[in-house]
Amino acid sequence: MTSFMPLTTVFPGLVWAMAALALVQVARRAALWRVGAAAPVAWLHGLAQLPRRYLVDVHHVVARDAYASRMHAVVAGGLLAASLLTALAILPPLAGSRAYWLLVTVAFAVTAAGSVLVGARRYPVKQKRLSAGRFQILPVLLLAYAVGGTLTALMLALGAGGIALPFTLGLAAAGGLGLAFEVRQGPMRHAVAGALHLAAHPRPGRFEGRPDTALRPLDLGAPRLGAEMPADFTWNRLLSYDSCVSCGRCEIACPAFAAGQPLNPKRLIQDLVAGLNPAEPAYAGNPYPGGREGQGERGPLARLIGPDARIHPDTLWSCTTCRACVEECPMMIEHVDAVVSLRRYQALERAALPEKAIGPVTELRQAGDPGGRPLAARTDFAAGLDLPLIAGRGEAEILLWLGEGAYDLRYGRTLRALVRLLRRAGVDVAVLGAEERDTGDLARRLGDEATFQALARANVATLARYRFSRIVTADPHALHALRNEYPAFGGHYTVVHHTALLLELIRAGKLVPQTLPDLSVTYHDPCYLARYNGETEAPRAVLDAIGLARVEMARSGKRAMCCGGGGGAPVSDVPGERRIPDLRMAQAAETGAGIVAVACPSCTAMLEGVTDRKAEIRDVAELLLQAVEAGR
Amino acid sequence: MIANADALLKPLTIKGLTIRNRVMSTSHAPGYGRDGKPQERYQLYHAEKAKGGIGLTMFGGSSSVAPDSPAAPWNQISVADDSVIPYFRQFADRVHAHGGKLMIQLTHMGRRTKWDTEHWLPTISPSPRREPASRTVPKEMEEEDIARVVKSFAEAARRCREGGLDGCEVSAAHGHLIDQFWSPSVNQRTDKYGGSLENRMRFGIEVLEAMRAAAGDDYIIGIRMSGDEMIADGLSQEDCLTIATEYARRGLVDFLNVLGGQARDHIAHAISLPNMSFPVAPFLFLPSAIKREVDIPVFHAQRVTDLATAARAVAEGHVDMVAMTRAHIADPHLVKKLSEGRADDIRQCVGAGYCIDRIYVGGDALCIQNAATGREATMPHEIRKADLRRRVVVIGAGPGGLEAARVCAERGHAVVLFEKSGQAGGQIGLAAKAGWREAMSGIPRWLVAQATKLGVDLRLNTEATEAAVLAEKPDVVIVATGGTPFRGHAKGAEQHAVTTAEVLAGAVEPTGSVLLYDEMGQHNAASVAELLAKRGCLVEIATHDRMVAEEVGTTNQPIHLRELYKLGVVMTPNMELIEIYPEGNRFVAALRNTMTDAEEERVVDRIVVDHGTLPVDRLYRALKADSVNHGQTDQDAMLRGEPQPFDLSTGYALYRIGDAVAGRNIHAAIYDALRLCKDL
């Protein structure tokens with residue numbers, strides 16, 4: 001057996017060959033990313049941060065599925081360790097050490113155990129959210145490599161050998177080269193693309209403890225606005241889509257998918273991936289609800305959106321921009337950015353907004369309000385309340401941003417409660433009144449960046465005329481725009497959600513609520529407060545200060561399910577099999593709570609619109625007012 | 001949320017005064033004035049509406065500006081001297097505290113009042129023509145009278161402003177002095193105040209100009225006027241349009257409060273205050289027509305009982321504000337309930353006219369279905385929770401029993417409500433079967449909905465027995481078993497008479513000729529007479545009273561009479577039924593003229609009687625002995641608004657309410673229930 005080359009050299013050589021093959025495969029794939037637009041990437045910083053991003057941020061997401069977390073640690077750790085150790089055995093002192101081979105044996109054995117865990121998710125029956133196709137071969141390849149490696153290393157450790165060795169080595173080679181081959185367009189691509197994506201992530205801020213959720217401003221003077229085809233994305237976005245491991249966590253989290261609307265975030269990302277390469281293997285996961293099969297051209301220059309293209313427009317407009325998919329993605333993919341880029345092209349280059357959204361967006365552009373209502377009517381809800389205009393005084397401690405909800409009769413009740421509370425606490429508060437234009441949130445989420453920017457600039461100019469220390473709003477969508485997106489247009493404000501201010505006032509003793517222990521409540525987190533801004537505690541603390549019996553829904557906090565009211569989804573109104581708010585209220589009903597506490601005008605409208613609802617919908621401010629007034 | 005609710009909840013700004021929504025209550029005379037002043041009861045009644053979210057509440061219907069228009073007849077308000085100002089201030093503060101706005105109506109009633117009530121001054125009018133409604137013959141006004149009254153109006157306007165009221169209106173509707181000048185049916189003068197419409201408008205112009213001068217141009221002054229007097233020699237719609245546009249053009253008024261008709265006699269009065277026989281908003285077209293011609297806000301009241309109609313009236317641009325005066329008497333919190341998304345909780349006015357009918361016979365305005373209205377000092381519109389949860393059994397789901405169940409449930413008690421029949425509502429269910437009285441069914445409909453929502457265990461088709469009641473281990477038992485119709489004392493009545501209730505229930509279906517004998521003077525007999533006549537019977541209605549339906553109030557009796565005349569029903573007052581006997585398959589009724597004692601006979605196919613009801617009290621008597629209070633309500637405690645002083649640790653307390661005590665009416669049953677249960 002030692003006739004032409006010792007096994008202790010062949011075995012490491014296999015790993016080196018695997019590495020070489022993987023490198024070739026990656027290079028072939030990377031050539032495709034190069035069709036994407038340039039993007040500034042802080043490579044050195046990114047690479048330096050890579051271990052931390054992987055071990056902390058990625059692990060944080062992966063660990064939510066304990067099985068998957070264990071599985072991945074074992075199989076990926078084993079694979080990396082075994083392969084590295086074997087590769088190092090090219091050094092003669094190590095190659096000659098039986099103890100070293102024993103260590104390699106252990107590493108391969110761990111990999112083998114991990115491979116079994118991988119296989120157990122797919123055989124005999126595949127978990128529903130996972131994709132089939134090439135992913136079904138993955139455990140086989142892993143097992144072949146791991147078992148072959150284990151046996152080979154063991155024999156080298158024992159000094160045994162003989163007739164079996166070629167077979168064990170062959171097994172390892174078959175598995176190992178297979179895995180390496182799969183790096184281009186198979187499951188193993190996620191490892192390489194994922195690592196590169198972590199280093200070159202387009203939103204590095206999210207690894208640095210701040211919610212990096214603001215949409216990037218679009219240069220409206222650019223020759224091409226938004227993304228029509230894969231080549232319109234920046235190269236690192238294309239890279240990020242390639243890191244998708246088709247785990248399906250996004251589709252489980254997606255409210256539109258749950259409602260049977262034609263959106264599946266995994267499929268959407270996979271359609272972007274498939275767009276890059278006409279020869280990409282067929283998608284093997286759950287389809288877009290409604291059963292539409294992929295069709296249309298593929299290729300970096302192929303149109304992505306259209307009734308006859310890979311992605312139907314209804315898919316694009318079903319997204320509520322709730323970021324649940326982003327929150328769940330272990331590969332840190334930014335699905336919502338992709339959706340908005342695609343929407344921007346549809347809105348700005350093709351004027352192809354969904355039919356029902358055209359009216360509201362046009363009104364927004366022309367009248368500064370999606371309902372085309374007079375701006376002065378925004379304060380109608382407050383008639384009879386003492387709510388001064390800032391114009392009459394020039395300054396105020398708190399500027400109350402009313403938002404679109406002020407026009408809504410139901411939400412007027414919330415705002416009246418809030419104003420009463422602020423008055424009672426002696427807060428110096430004023431409003432812009434007719435000078436307040438919509439923040440443009442709706443236009444921005446629907447891709448009409450031009451309308452958004454015009455509104456943002458107008459509002460920033462208005463706000464510049466007055467002095468105030470903070471903006472308070474009860475609308476998380478307005479809060480997100482003002483706090484996170486207006487800075488790009490020169491507006492830098494301290495923006496506080498009303499629940500946070502109310503908590504402050506309670507803690508300062510300016511509001512003294514009685515307890516309402518008879519009421520049972522479950523709090524529904526608004527996406528734009530929890531996921532976009534990371535604020536989940538203040539509303540709960542206010543509810544706890546009232547002494548309510550508070551219970552949590554199965555999905556809460558940053559992992560809460562959307563009400564269906566964001567991202568222009570209500571105006572796009574893409575039909576589904578169910579309604580998102582119905583699903584959410586059913587989840588609320590499982591808690592048995594008599595009240596669903598809300599903190600957002602969209603959530604209020606969506607959840608209160610549910611027929612046969614058993615629970616009352618009450619804003620946190622309304623409950624607090626009740627508690628405060630109970631003490632009179 | 002109802003359609004167009006946003007139109008209704010939009011503020012309205014008049015001369016810098018922002019009214020928070022488009023719902024108001026017009027000035028009316030609830031009879032709550034004391035010594036010519038709006039004192040606590042009056043103020044609390046309006047403050048409750050402000051608390052309930054109303055935009056503008058106007059009080060003091062026909063508040064008088066001069067002694068020869070006395071405030072006494074309807075316990076109204078006199079603005080004829082400065083002593084009223086402190087009351088205005090207190091009143092305004094009470095309403096403003098809840099975010100509402102407050103205005104008053106000022107008037108001189110001219111001939112439309114009594115000379116023999118307060119100051120014994122003759123009534124005055126442009127011409128000495130008697131008004132049928134007030135039955136006075138006025139003195140023809142001299143120019144000095146005109147100047148004096150103009151000055152009185154001006155002084156009164158100043159007092160309103162000084163009293164902190166947000167504005168005032170002058171009444172030029174229902175045949176008051178200003179519209180007596182306008183209307184050719186009254187004004188037959190030949191001087192500069194009579195003749196052409198221009199001349200007839202002069203007095204009103206002088207009044208308003210003087211008020212403006214006294215109260216300031218920035219003070220809100222409006223006018224209440226008819227959009228069409230709807231009488232042959234009165235103001236036509238065109239005349240009213242001319243007056244409205246001319247007064248608005250001259251800047252004399254800041255709003256027009258438009259209604260239809262006038263009120264010079266019984267039927268005109270009933271039409272101008274439409275009851276449940278009218279469609280909703282029957283005269284909305286009149287303010288709508290005026291609104292098209294003027295650029296000041298237009299208000300309107302007349303049977304707008306539901307918010308959907310109100311919202312439509314504003315959203316479609318017919319009016320700027322909708323007055324829901326009687327609707328607020330039924331539920332002063334209706335705007336709040338609308339804006340809180342609880343429109344289903346609104347106790348909707350059914351148009352029974354009980355409130356207004358009482359004031360025309362010198363009573364105070366009370367709501368047939370809401371016993372708290374006008375009693376805000378003692379009766380709650382919002383029931384407070386009790387400290388202790390009791391087990392309460394109520395027997396009988398008529399209005400009294402339903403109200404008792406509702407109030408007890410609001411108190412937090414566990415309530416079981418037994419009802420023998422398959423339908424809640426008691427005798428109201430019968431009343432609602434009679435022609436235009438169908439809307440009465442709204443009373444139990446709301447009560448049932450509230451009771452159900454509050455978790456009352458309503459057991460229909462379940463007769464309460466002593467055992468069934470005790471099986472509930474009650475702390476409190478409330479017997480509201482109502483009454484059973486009584487056939488009267490006439491000889492042979494027990495065997496041969498049928499009751500109005502039996503006719504309405506369908507137990508008997510009379511045909512041919514019918515003698516309907518009425519001892520009650522209420523709606524019952526009149527409406528059954530209408531029903532039978534419509535079914536083709538030849539009907540004579542005889543009554544002990546001086547007139548048919550004598551106990552029915554002034555907005556309802558004329559409608560009954562109109563229908564009875566139209567249907568050819570023979571009306572025979574001053575008769576007593578003394579005997580009934582059969583003759584063949586017909587009956588003979590012997591009637592005695594109460595004035596002459598002369599006896600007459602009628603041979604008819606059916607004799608129907610209405611003698612009211614006698615209590616159904618079998619169960620009460622069965623439960624009485626074992627109860628801790630022997631079935632007695634401690635009246636002193638109840639009248640003081642204190643809990644009943646019985647120890648429930650040893651057994652149950654037993655109470656009896658409504659017709660189960662003595663046959664009275666719906667309000668009595670509901671008030672019995674509310675005032676007992678609010679403290680249980």
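This is a predicted model: local features need pLDDT of at least 70, side-chain atom pairs count only at pLDDT 80 or more; totals for chains, interfaces and linings use all residues.
The residues concerned are Pro601(A), Ser602(A), Cys603(A), Thr604(A), Ala605(A), Met606(A), Leu607(A) and Glu608(A). The elements that cover them include H17, helix H20 (476-485), helix H25 (580-590), strand S7 (595-598) and S8, which belong to chain A.

Helix H17 of chain A, which takes part in covering H26(A), comprises the 16 residues 409-424. At 1.5 Å a residue, a helix of 16 residues should span 22 Å; the end C-alpha atoms of H17(A) are 23 Å apart, which agrees with that expectation. The buried residues of H17(A) are Tyr411(A), Gly412(A), Arg413(A), Thr414(A), Leu415(A), Arg416(A), Ala417(A), Leu418(A), Val419(A), Leu421(A) and Leu422(A). Their cover includes elements of both chains. From chain A it includes strand S2 (429-431), helix H21 (498-507), H26 (601-608), strand S8 (616-619) and helix H27 (620-630), while chain B provides helix H13 (334-339). After H17(A) comes Gly426(A), which has a positive phi, near 70 degrees.

The contact between the two chains takes 8 residues from chain A and 13 residues from chain B. On the side of chain B that touches chain A, 4 residues are nonpolar, 5 are polar and 4 are charged.

Elsewhere in chain A, UniProt lists residues 71-94, 100-123 and 135-157 under "transmembrane region", in an unreviewed entry. In the model, residues 71-94 of chain A are 88% helix and 0% strand, with end C-alpha atoms 29 Å apart. Residues 100-123 of chain A are likewise 88% helix and 0% strand, and the end C-alpha atoms of this span are 34 Å apart.

For chain B, an unreviewed UniProt entry places the feature "domain: FAD/NAD(P)-binding" at residues 391-640. Over these residues the chain is 32% helix and 27% strand, and the end C-alpha atoms are 24 Å apart.

Chain B also contains an open sheet of 5 strands, in the order S18-S25-S19-S20-S21, with parallel pairing. Strand S18 (498-499) and strand S21 (570-572) of chain B form its edges, each pairing on one side only. In general, the strands of a sheet pair through backbone hydrogen bonds, in either the parallel or the antiparallel sense.

Within this sheet, strand S19 of chain B (residues 513-518) has 5 of its 6 residues buried, so the strand is largely enclosed by the rest of the structure. On one side, S19(B) pairs in the parallel sense with strand S20 (residues 538-543) of chain B over 6 bridges, and Leu515(B) stands opposite Glu540(B) in S20(B). S19(B) and S20(B) also belong, together with helix H21 (residues 523-534) of chain B, to a right-handed β-α-β unit.

S19(B) pairs as well with strand S25 (residues 606-610) of chain B, in the parallel sense and over 5 bridges. Here Tyr517(B) stands opposite Val609(B) in S25(B).

Note on methods
Residues are numbered from 1 along each chain as its sequence is written. Chains are lettered from A and ligands numbered from 1 in the order in which they are written. A residue is buried if 20 or more other C-beta atoms lie within 10 Å of its own, exposed if 12 or fewer, and partly exposed in between; C-beta atoms are placed from the backbone. Helices (H or I, at least four residues) and strands (E, at least two) are DSSP runs, numbered from the N terminus. Two strands pair if DSSP finds at least two bridges between them. A crossover is right-handed if, with the strands pointing away from the viewer, the path from the first strand over the helix to the second runs clockwise. UniProt positions are given in the numbering used here, feature names are shortened, and annotations may be inferred rather than shown by experiment. The expected span of a helix is 1.5 Å times one less than its number of residues. Two residues are in contact if their C-beta atoms, placed from the backbone, lie within 7 Å. Ala, Val, Leu, Ile, Met, Phe, Trp, Tyr, Cys and Pro count as nonpolar, Asp, Glu, Lys and Arg as charged, and the others, Gly among them, as polar.
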